[in-house]
Structures are given as structure tokens and as C-alpha cells.
Amino acid sequence: MRTTLTLDDDVAEALKDRARQFDQPFKQVVNNALRRGLSPAAVEPRTPYRVEPHRSGLRHGVDPLRLNQLNDALEANEAGPT
């Protein structure tokens with residue numbers, strides 16, 4: 001299929017450089033680049049995000065099961081009397 005395509009100067013230059021580098025026709029380089037860009041396999045696999053657990057080191061007397069209650073008490077003090 002023939003079509004007219006307007007390329008940015010930097011993109012055209014990069015394609016021409018690649019065509020010279022690999023001794024391939026310009027048309028082939030453009031088609032290969034478009035195929036790679038449109039392919040779902042073109043997405044690079046990401047390394048999984050890992051969380052490294054560590055001890056929280058809560059102070060003596062702080063019950064981790066009652067932290068929400070402590071937060072509520074602190075918010076009540078910030079609001080002041082109503």
C-alpha cells in the first residue's frame with residue numbers, strides 16, 4: 001500500500017541512519033519500526049515491585065491493635081472543644 005507520510009526531521013534522520021547502519025532499504029526500516037511500535041510485545045517487562053518488611057519498633061506501651069483509637073484521640077484534641 002502506498003501512502004504519504006510526513007515525518008519530523010529528527011525521526012527521518014534516525015530512520016535514515018538506521019537504514020545505512022544495517023544496509024537496509026528505508027521502506028523496510030520504517031515498516032520494521034512501525035511494527036515494533038504497534039506490537040503488544042514491544043512493552044518491556046517490568047521488574048516486580050518488592051516491599052521489604054521490617055520491624056516497626058513501636059515504643060514500649062504502644063499497642064499496635066489500638067492505633068486507630070490513639071489517632072481518634074489525637075484528632076479530637078486538635079479539633080478542640082465544640
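Good morning. The chain has three helices and zero strands, where helices (H or I, at least four residues) and strands (E, at least two) are DSSP runs numbered from the N terminus. The order of elements from the N terminus is α-α-α. This is a predicted model, in which local features need pLDDT of at least 70 and side-chain atom pairs count only at pLDDT 80 or more, while totals for chains, interfaces and linings use all residues. Residues are numbered from 1 along each chain as its sequence is written, and side-chain values use heavy atoms, with hydrogens and water left out.

I turn to overall dimensions. The C-alpha trace spans about 75 × 35 × 20 Å along its principal axes. The radius of gyration of the chain, taken over C-alpha atoms, is 30 Å, whereas a compact globule of 82 residues would have one near 12 Å; that rule is 2.2 Å times the number of residues to the power 0.38.

Next, the surface. Of the 82 residues, 6% count as buried, meaning under 20% relative accessible area, with exposed over 50% and partly exposed in between (1.4 Å probe, protein chains only). The accessible surface comes to about 8,600 Å², and 53% of that belongs to carbon and sulfur atoms; the areas come from the Shrake-Rupley method.

Finally, leucine 67. This residue lies in helix H3, residues 67–79, and is partly exposed, at a relative accessible area of 36%. Together with Leu58, Val62, Leu70 and Leu74, Leu67 makes a nonpolar surface patch of about 390 Å². Such patches take residues with over 30% relative accessible area and no salt bridge, joining nonpolar side chains (Val, Leu, Ile, Met, Phe, Trp, Tyr) within 5 Å and like charges within 9 Å; a salt bridge is a side-chain nitrogen of Lys or Arg within 4 Å of a carboxyl oxygen of Asp or Glu.

Terms used. Areas by Shrake-Rupley, 256 points an atom, 1.4 Å probe, with all protein chains shown as cover.
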